[in-house]
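Colleague: I would like to go through how some labels in this model were assigned. Please give the cut-off with each answer.

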Amino acid sequence: MGKTLLGIVASPRRLGNCELFIKEIHSNLGAGWELRLMRLPELDIQPCRACYRCLFDSMRCPHEDDFLAALEELCAADAYAVAAPAYLLAANGSLKKFLDRGLQFYAMVDRLWGKPAVGAAVAGIAGMEGITELNVASFIKMTFGDLRGSAVVYGALPGEVLLNPENRQTAAGLARALCDPGSAMKPRGPVCPLCGGDTFRFDADGGIKCMLCSSAGRYGWDEGRLSIEIAAGDHPLFLSRGDVVRHAEWLRGMKDKFLEKKKELKAVVKEHIGTGTWVGKKGQGGA
Ligand SMILES: Cc1cc2nc3c(=O)[nH]c(=O)nc-3n(C[C@H](O)[C@H](O)[C@H](O)COP(=O)(O)O)c2cc1C
């Protein structure tokens, strides 16, 4: 039976670089792969209301928008490829808008966990991608995918990304990684020993934190090369399926914590009720 690749396009531009790059990955997969495509900016994805209903009882988000249908496509796919354009040094907001609804993912761990996935950050100016690749990798980790590789590719004009043969090779490499975990792309530099992430926060005292799995450790220099030691913390995101289940339990446990602390919390909230003037909406405020 054939397999399905879900292409998640976080660009509003039709036949733009993100869409074409995903199509290029698909064309390298060989026969037997159907490509289904989702353009995130065109979907009606409402902001999460922080009601936590997706974590309890029916475990279903009360919003009646496109999110659950889109998530069903992700659950049903055999693999997925995510491409986001750099917008002001980060991924286009449609990617985060989808991700912000992600407490719903915990109801679908069995269907989402471990799906092969690759990502691409597409930027118009070389070196100006900011955190776009991290955003794409985080999207894959937070949707419980098996991140087999990610890349930054450059191209500003629609289609320009495929004018560069190196980018076509990158797409072919990502396609290989999707089919075979052994072909995962080689890291370009030091990576987190736990999750493979390559974005870190360093502090002056030798501390280091991986921005992908949130684990922390120490860094040093070994014969002029950066050495990194990182251990899993209390909430590793997500090194195993068990981490996902534990994190979901921790989230559910917050309800009891809230009930325990309700009185204390109410008191501090009361201090600031009514302070300030809400502005920004058309017709709201005096400006
Ligand atoms: C609002 C906006 C912001 C952008 N910001 C950046 C940026 O910060 N860095 C960059 O390299 N390119 C930036 N670009 C260029 C796009 O990332 C680039 O054109 C990319 O190829 C778009 O992908 P698409 O064709 O799939 O839409 C921006 C484009 C737009 C429209």
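Modeller: A disulfide is a pair of cysteine sulfur atoms within 2.5 Å. The model is predicted, and by this rule the count comes to zero disulfides.

Colleague: Why is C54 called buried?

Modeller: Its relative accessible area is 10%. Buried means under 20%, so C54 is buried.

Colleague: And why does C51 count as partly exposed?

Modeller: C51 has 35% relative accessibility. Partly exposed lies between the buried limit of 20% and the exposed limit of 50%, so C51 falls there.

Colleague: What makes β7 and β8 a pair of strands?

Modeller: Three bridges join β7, residues 200-202, to β8, residues 207-210. Pairing requires at least two bridges, so these strands pair. They run antiparallel, and F200 stands opposite C210 in β8. Four residues lie between them in a hairpin, where G206 in the turn has a positive phi of about 90°.

Colleague: How do you know that β8 pairs with β9?

Modeller: β8 and β9, the latter covering residues 216-222, share three bridges in the antiparallel sense. At least two are needed, so they count as paired. G207 stands opposite R218 in β9. Their hairpin has five residues between the strands, and S214 takes a positive phi near 70°.

Note on methods:
Residues are numbered from 1 along each chain as its sequence is written. This is a predicted model: local features need pLDDT of at least 70, side-chain atom pairs count only at pLDDT 80 or more; totals for chains, interfaces and linings use all residues. Side-chain values use heavy atoms; hydrogens and water are left out. Buried means under 20% relative accessible area, exposed over 50%, partly exposed in between (1.4 Å probe, protein chains only).
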